[in-house]
Amino acid sequence: MAIILFFVIILTVIFLIHRSTYRRRYKLPPGSLGLPFIGETIQLISAYKTDNPEPFIDKRMNRYGPIFTTHVFGEPTVFSADPETNRFILMNEGKLFECSYPGSISNLLGKHSLLLMKGALHKRMHSLTMSFANSSIIKDHLLLDIDRLIRLNLDSWSDRVLLMEEAKKITFELTVKQLMSFDPGEWSESLRKEYVLVIEGFFTLPLPILSGTYSRAIKARTKVAEALTLIVRQRRKESVMVEKKNDMLGALLASGDHFSDEQIVDFMLALLVAGYETTSTIMTFAVKFLTENPLALAQLKEEHDQIIAKKSCREEPLEWTDYKSMAFTQCVVNETLRMANIIGGIFRRAMTDINIKGYTIPKGWKVFASFRAVHLNPDHFKDARTFNPWRWQRKPEATSPPNVYTPFGGGPRLCPGYELARVVLSVFLHRFVTRYSWFPAEEDKLVFFPTTRTQKRYPIIVKPRVEPKSCN
Ligand code: HEM
Ligand SMILES: *[C@@H]1O[C@H](CO)[C@@H](O)[C@H](O)[C@H]1NC(C)=O
Ligand SMILES: *[C@@H]1O[C@H](CO)[C@@H](O)[C@H](O)[C@H]1NC(C)=O
């Protein structure tokens, strides 16, 4: 016991000396590094037990301003809630900052994941990914399937559904379809079961020996990768004889880059990971916000009823012009992403000493660019903590500089799925509000930590709306 105490004291002294030399050498942003080793991690975690979405940052912003130093999850970290600084961080990705994930997450992603790639290879793969999901591809190929699969999913609803679960199912089925042209069925559902275990691994403590969840996630990852590898091999064989399939896997196989099976599998997994929780939570939150704002819901319904009114019957496919006519829906999409994006911000690591706004961020330190703190700051958005889709009809917000509103990040790592996610959410809202009326089955509330979600996966009771224009 005494010997442990001795070591703790020695280490603390070393830590404090080390810290004060840092302070002298650099002009660090103001703030506190908290306790030795633990830093302010405990404050961070306990702060989020309240209803306030940004308690940890709010408190420090009031004391130190929008750029401050803290120490969380074992590392000194500079937090930014300043739009200009956030933009600087995003735009200098690969030059002054690089993304950095803990090893436990890298293992789940796979070493060829787009999220982990750097340099020229990242640039190439990022633009390839962008071209898989750009607006002309969505318009010409993806929209039809998005609409069809969403309708198919809504057909299967009983009167009580867990909205978050259905949204996840839809999102997964859509991604599988877009990646490799598989319609939903037993295969995709059993893949999803494994896949859910992989996702759980992302949110667990990165201690492989201690965590059963984590080792289960690694096992599930292997299974998912095996299933995908089989598909890739099969498609390689087919591609010589059978006509080419018009999907992302087809484009990867046809590209001149000669990707290995492993590269392709890691790439597909990255898309599944990046689009899954993000898109499905935003679908759920949009419905929740609309449920709580009858005026907004009424206006949204009117917009979508008008689209249906132009069709010969309800099941007629949506077209690109229909999507483009959903003006108020786009306001709802933006406002939902502003209020409750699951991606609250991004971590990076400083590749060199970086001077910004009169401070130095030392080489090797972590930075966290908080998007949420900007999105919820009344200096940038009036009545920032109220859901108000109409704000997007006013000039200032709609034309606000791109660094203030960044739900999809920016710079070299701008989300390649940003348009796809908007289309999926819009089509989902269209089919949902024209088909059903609903009310919450239970009280359910938003929580922001450790991830942004609703506590009970948003259970609702749905009733088909009386709809004269059903196709027979
Ligand atoms: C509401 C839905 C979504 C949100 C809010 C969102 C947000 C983001 C953000 C903020 C980033 C930047 C991360 C960083 O800079 O480190 C990102 C990256 C990424 N997103 Fe999305 N995303 C969404 C949907 C999707 C979808 C549907 C896809 C599938 C195509 C996707 C694929 C990706 C990929 C592959 C990256 C990594 C890009 C890179 O590191 O170069 N996302 N997303
Ligand atoms: C979208 O990507 C395709 C290739 O996949 C490309 O031919 C097309 O020009 C791109 N369109 C836009 C609007 O960038
Ligand atoms: C929604 O936000 C995007 C930026 O992500 C912006 O380009 C667009 O104009 C906004 N839409 C509306 C209706 O304000």
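**Exercise 1. Find the residue in S2 that is the bridge partner of Val72, then place it in its sheet.**

*Step 1.* In S2, Val72 has Glu75 as its bridge partner. Keep in mind as you look that this is a predicted model.

*Step 2.* Now widen the view to the two strands. S1 and strand S2 (residues 75-80) are joined by six bridges and pair in the antiparallel sense.

*Step 3.* Next, take in the whole sheet. Five strands make up an open sheet with the order S1-S2-S8-S5-S3, and the pairing is mixed. Strand S1 (67-72) and strand S3 (97-98) are the edge strands, each pairing on one side only.

*Step 4.* Finally, see what packs on this sheet. Helix H4 (residues 83-91) touches S1, S2, S3, strand S5 (345-350) and strand S8 (366-370). The direction of H4 makes about 120° with that of S8.

**Exercise 2. Work out why one side of strand S4 and of strand S9 is left without a neighbour in the sheet.**

*Step 1.* Write down the strand order. This open sheet has three strands, S4-S12-S9, with antiparallel pairing.

*Step 2.* Look at the ends of that order. Strand S4 (160-162) and strand S9 (436-440) stand at the edges with a single partner strand each, so one side of each has no neighbour in the sheet. From one strand to the next, the twist averages 35°.

*Step 3.* Zoom in on one pair. S4 and strand S12 (residues 459-464) run antiparallel and are joined by three bridges. For example, Leu162 has Pro459 in S12 as its bridge partner.

*Step 4.* H8 lies across S4 and S12, and runs at about 65° to S4.

**Exercise 3. Describe how helices H7 and H8 cross.**

*Step 1.* Recall what to report: two packed helices are described by the angle between their axes and the distance between the axes.

*Step 2.* The axes of helix H7 (residues 135-155) and helix H8 (residues 163-180) cross at roughly 145° and come within 10 Å. The crossing is right-handed.

*Step 3.* List some contact residues. H7 contributes Leu142, Ile146 and Leu149, among others, while H8 contributes residues including Ile170, Glu173 and Leu174. By type, the contact holds six nonpolar, two polar and five charged residues.

Key. Residues numbered from 1 in each chain as written. Chains lettered and ligands numbered in written order. Predicted model: local features only at pLDDT ≥ 70, side-chain atom pairs only at ≥ 80, totals over all residues. Axes fitted to C-alpha atoms, helices over the stretch in contact; angles between N-to-C directions. Helix = DSSP H or I, 4+ residues; strand = E, 2+ residues; numbered from the N terminus. Left-handed = near helix turned anticlockwise from the far one by under 90°. Contact = placed C-beta atoms within 7 Å. Nonpolar A, V, L, I, M, F, W, Y, C, P; charged D, E, K, R; others polar. Pairing = 2+ DSSP bridges.
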